[in-house]
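Trainee: I've got the structure open. Can you walk me through it?

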Amino acid sequence: MLATDPECYTRFVAGLFKALLSLLCVFGIGARLVPLLDATRRMAQWPTEDGYFMLTMGRNVALGRGLSVAGGEMPTNGTQPLTTLIWALGYATVDGDRESGVLIALVLQWIAAMLTAFAIYRLGKTIFAERSDGSNRAALAAAVWLASPVVMPHTMNCLETGFNGLIAVLVAHTYVSKDGLWSWKRTLGFGALLGVAFWVRNDSAFLIAAACLGYLLPALRTPEERTPRFLRVLVFGATSVAVASPWLVYNYVNFDHIMPVSGRAEALTGHFGGNLAGVPIVLAEYLMAFVPIPHSVSDSTVVVLGAAALIFAALAVLIVRRRELHVPERRLAFLVGVYLLGMAAFYGLYFGAAWFLPRYFLPLSPFLALAFSSVVFLVLGRLADRLRSILALGGAVAMLGIIAFVGYRQYRGGTQHMHFQVVAWVEENVPEETWIGAIQTGTLGFFHDRTINLDGKVNIAAYEALVAGREGEYVVEDTEIQYLADWIGMRDWLTKPVIAANFEVVVEDEDANLAVLRRRTPQ
């Protein structure tokens with residue numbers, strides 16, 4: 001029948017599409033939830049080391065210790081504030097119980113992921129409203145984003161990342177859903193939304209700048225709108241600053257800088273252009289939607305060039321077909337383009353912490369999922385019925401196979417956490433009242449209150465010691481640290497003369513990736 005009846009091709013592809021969407025949604029919903037059912041997996045699979053930092057701060061706020069680490073003894077601003085306050089509310093409902101608070105955070109992130117998928121669908125419906133396949137494009141983008149094993153870990157990491165993706169889509173939808181001059185009520189509301197985006201993550205400043213430029217752009221073609229548009233940009237820009245200002249004032253008054261210490265410390269790890277090769281890798285992964293690039297080859301020149309070629313090819317298609325874009329599509333393309341350019345310049349040229357690039361660029365993933373969906377429908381729309389059916393079936397099977405395989409690998413390793421060996425050793429060997437220092441203390445500090453961070457991400461004193469080049473002196477002279485416990489690289493601190501003179505190795509386990517140094521007992 002398929003060989004002779006064109007309607008059968010249409011019904012076949014439509015049925016296949018519905019089945020694909022259903023399976024993607026089931027996987028995207030279930031793969032986030034199933035790890036929550038097991039206590040060990042719940043604590044290990046999704047929360048990252050930095051996620052445990054944020055959970056620690058939220059718990060301390062709930063316990064009346066303020067925004068702090070080290071059992072409330074070390075005030076900090078090394079966080080993104082809104083999510084930390086949300087975690088604090090969660091911990092307030094369970095009297096600070098550690099594991100219950102983690103469960104609440106994971107459930108809230110699951111809800112945020114569902115809302116983000118729905119927001120992607122609504123955004124897609126809006127920008128593709130004039131296309132006959134607009135609803136299908138929107139649905140595929142939302143479903144593949146929800147099920148993507150590339151996206152999923154970053155939406156469940158107990159950080160602000162998932163909320164950042166949600167707020168970016170909400171900003172974009174609000175921005176593109178109404179053309180022309182906005183009412184003052186809408187202008188003020190949009191400014192408040194931008195301010196909330198900044199509270200979610202401060203690099204939303206690039207999204208705010210993109211929105212301001214995008215709203216001004218039509219004034220270049222319509223001179224009579226220049227003043228009205230400029231005034232509205234001033235209003236929603238000023239409103240966003242007003243909403244964001246309490247956090248900025250808090251940072252400056254208490255820590256002498258508007259940037260949180262975490263950002264300042266991570267910037268120390270970089271040099272100009274140091275992350276540039278990592279940007280196309282991350283963008284290519286999100287553009288391919290569900291296909292991860294293995295870390296083992298991501299530094300290869302060939303792979304980096306291939307990823308860059310993919311990004312530039314997508315950009316070339318957009319430029320060539322720009323006249324075919326409808327107004328909402330053009331507005332979104334400009335907004336996302338400026339936002340992406342700002343993010344790529346900042347994180348690619350200036351910032352350090354290259355290992356965090358996938359997390360930083362997560363809020364761009366919904367828009368790249370929409371681009372992925374558009375390419376799929378563009379390609380399928382140009383094929384003959386028989387070839388379209390074959391390619392659609394093969395593509396669906398390949399997509400589900402890759403997602404299932406990568407998802408299974410993530411689940412299989414879900415009972416192991418890269419820092420739990422440190423936590424286990426400390427719990428077995430160190431009294432609760434003893435001070436411990438480490439470079440990476442998010443996970444350890446969540447379980448052991450008397451933990452001092454040494455890379456400066458949440459510790460102003462450690463940050464200042466790093467800048468001054470006196471990390472060893474800080475540990476020995478300015479703290480009561482009795483143990484240094486971290487990954488195997490912790491032993492390298494013995495190359496610092498002051499550490500070698502005052503600490504000795506008690507654990508050096510390459511296989512467990514664990515090193516522990518103990519302060520020598522005075523003779």
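**Charged pairs, helices and packing**

Mentor: Let's start with a residue. Aspartate 179 is partly exposed, at 46% relative accessibility. Partly exposed sits between buried (under 20% relative accessible area) and exposed (over 50%), using a 1.4 Å probe and protein chains only. This is a predicted model, where local features need pLDDT of at least 70, side-chain atom pairs count only at pLDDT 80 or more, and totals for chains, interfaces and linings use all residues. Residues are numbered from 1 along each chain as its sequence is written, and side-chain values use heavy atoms, leaving out hydrogens and water.

Trainee: Okay. Which residue forms a salt bridge with aspartate 179?

Mentor: Arginine 331 does, with the closest N and O atoms 4.0 Å apart. A salt bridge needs a side-chain nitrogen of Lys or Arg within 4 Å of a carboxyl oxygen of Asp or Glu.

Trainee: Is arginine 331 buried or exposed?

Mentor: Arginine 331 is buried, with a relative accessible area of 10%.

Trainee: What does aspartate 492 pair with?

Mentor: Aspartate 492 forms a salt bridge with arginine 491, the closest N and O atoms being 4.0 Å apart.

Trainee: New topic. Where are Glu49 and Asp50?

Mentor: Both are among the buried residues of H3. Helix H3 covers residues 49-62, which is 14 residues. Twelve of those 14 are buried. Tyr52, Phe53 and Met54 are among them.

Trainee: How far does H3 reach?

Mentor: From first C-alpha to last, 20 Å, close to the 20 Å expected. The expected span is 1.5 Å times one less than the number of residues. Just after H3, glycine 64 takes a positive phi of about 80 degrees.

Trainee: What about H10? What covers its buried residues?

Mentor: The cover includes H8, H9, helix H11 (226-255) and H15. The buried residues there are Leu207, Ile208, Ala210, Ala211, Cys212, Gly214 and Tyr215. H10 runs over residues 205-216, and its end C-alpha atoms are 17 Å apart, in agreement with the 16 Å its twelve residues should span.

Trainee: And leucine 444, what does it touch?

Mentor: Leaving out residues up to four places away in sequence, leucine 444 touches Val422, Val423, Val426, Ile436, Thr451 and Ala485. Contact means heavy atoms within 4.5 Å. Leucine 444 is in helix H20 (residues 442-447). Leucine 444 is buried, at 3% relative accessible area. Its C-alpha is 6.9 Å from that of valine 422, 22 residues apart along the chain.

Trainee: Last one, the whole protein. How many helices and strands?

Mentor: The protein has 23 helices and seven strands. The radius of gyration is 25 Å, close to the 24 Å from the globule rule for 523 residues, so the protein is as compact as a globular protein of that length. That radius is taken over C-alpha atoms, and the rule is 2.2 Å times the number of residues to the power 0.38. Helices (H or I, at least four residues) and strands (E, at least two) are DSSP runs, numbered from the N terminus.

Trainee: What share of the residues is buried?

Mentor: Buried residues make up 51% of the 523.
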